[in-house]
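Hi there,

Here is the structure I promised to pass on. Have a look at it first, and then read on for what I found.

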Amino acid sequence: MEAGSTASPLPEGSEHAAGGHAASPLGSVDKALTALEALATAGPGGVALGDLARSLGLHKASLHRTLAALRHRGYAEQDATTGDYRLGPAATALATVYLGEENLPALLHPVLVAVCRATDELVHLGALAGTEIVYLDKVEPARAVRVWSAVGRRRPAATTALGRALLAHRALDDAALAWYAAAAPDEHPVTAAALRATCDATRASGFATETEENEPGISCVALPVLRDGQSVAAVSVTAPAERLGARRRREIEAVLREVVPPLLPPTLTVPEAVLGRPGRPGGPVAGGPRRPATPAGL
């Protein structure tokens with residue numbers, strides 16, 4: 001898409017066959033989609049009409065009409081000073097809506113199925129709802145001794161592995177941390193300082209853990225799912241505490257590390273620390289030890 005591009009435009013009406021690709025069933029739609037792809041590549045600085053037409057092999061007049069239609073619907077914008085075109089808010093909103101919380105259970109269900117098969121344990125998908133996490137989906141193993149749970153159930157975020165995984169990748173100030181800590185159950189009180197330390201450790205390792213703080217006899221390991229560095233959901237493996245010792249927890253972390261990333265939809269990822277890369281600094285919960293402290297009994 002450089003200004004010096006010398007690609008020759010195709011004859012009017014045949015643009016959709018550019019680049020040697022098979023002709024699109026509907027050339028006008030194909031033209032609009034290739035224009036959107038090019039605007040996305042150009043970035044927020046945008047691109048001039050002439051440069052865009054040359055890079056796509058389109059006539060300026062034809063492309064101008066396409067861009068006018070995209071502008072009408074908010075999928076493209078034109079800079080009032082330079083005249084350059086850039087991607088509009090409607091285009092970027094598509095992914096946000098598609099990957100919204102209401103769609104996450106369907107989008108991430110294959111992840112839960114794969115993790116359940118690999119671990120033979122109960123697997124949950126959760127998201128934040130105020131000071132609590134809500135179970136959006138679950139996949140149960142076919143083993144005789146397993147943990148009971150229910151989709152739609154809510155638990156305090158501060159004392160669950162799912163909640164800790166989510167909170168560790170949110171920019172939380174002292175007031176927000178105190179708000180989450182205050183919502184912890186009386187039988188497992190949490191201070192803001194302790195919650196910050198837990199988030200630091202979780203962020204450093206990429207994984208969150210919980211041992212009998214949510215339910216007696218139950219332990220969890222959780223992995224956050226991120227969009228643009230912020231958590232939107234978390235996947236957890238839940239098992240009886242007696243079955244989830246230190247060695248088993250490391251095995252489950254290895255499964256999550258291997259299974260989850262390849263199955264995530266585009267724009268969703270896992271923390272850099274999970275992939276063996278140093279996490280990017282940022283937010284009040286950055287830093288901390290490289291591994292979370294091992295809870296008693298693990």
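Which backbone oxygen lies 3.0 Å from a polar atom of the side chain of Arg203? The backbone oxygen belongs to Ala168. Please keep in mind that this is a predicted model.

Arg203 is worth a moment of your time. This residue is found in helix α8, which spans residues 192–205. Arg203 is buried yet has no salt bridge. Its nearest side chain of opposite charge is that of Asp200, and this lies 6.9 Å away, whereas a salt bridge would need the charged atoms within 4 Å.

Now to the sheet. Six strands form an open sheet with antiparallel pairing, in the order β5-β4-β3-β8-β7-β6. Strands β5 (154–156) and β6 (208–211) are at the edges with a single partner strand each, so one side of each has no neighbour in the sheet. From one strand to the next, the twist averages 30 degrees.

If you zoom in on β3 (residues 122–129) and β4 (residues 132–139), you will find an antiparallel pair joined by 7 bridges. Within this pair, His124 stands opposite Lys138 in β4.

Helix α9 (residues 246–263) lies across β6, β7 (218–227) and β8, and α9 runs at about 25 degrees to β7.

Terms used. Residues are numbered from 1 along each chain as its sequence is written. This is a predicted model: local features need pLDDT of at least 70, side-chain atom pairs count only at pLDDT 80 or more; totals for chains, interfaces and linings use all residues. Side-chain values use heavy atoms; hydrogens and water are left out. Helices (H or I, at least four residues) and strands (E, at least two) are DSSP runs, numbered from the N terminus. Buried means under 20% relative accessible area, exposed over 50%, partly exposed in between (1.4 Å probe, protein chains only). Lys and Arg count as positive and Asp and Glu as negative; His and the chain ends are not counted. A polar contact is a pair of N or O atoms within 3.5 Å; within protein, one must be able to donate a hydrogen and the other to accept it, and residues adjacent in sequence count only if both atoms are side-chain atoms. Two strands pair if DSSP finds at least two bridges between them. Axes are lines fitted to C-alpha atoms, for helices over the stretch in contact, and angles run from 0 to 180 degrees between N-to-C directions. Contact means heavy atoms within 4.5 Å.
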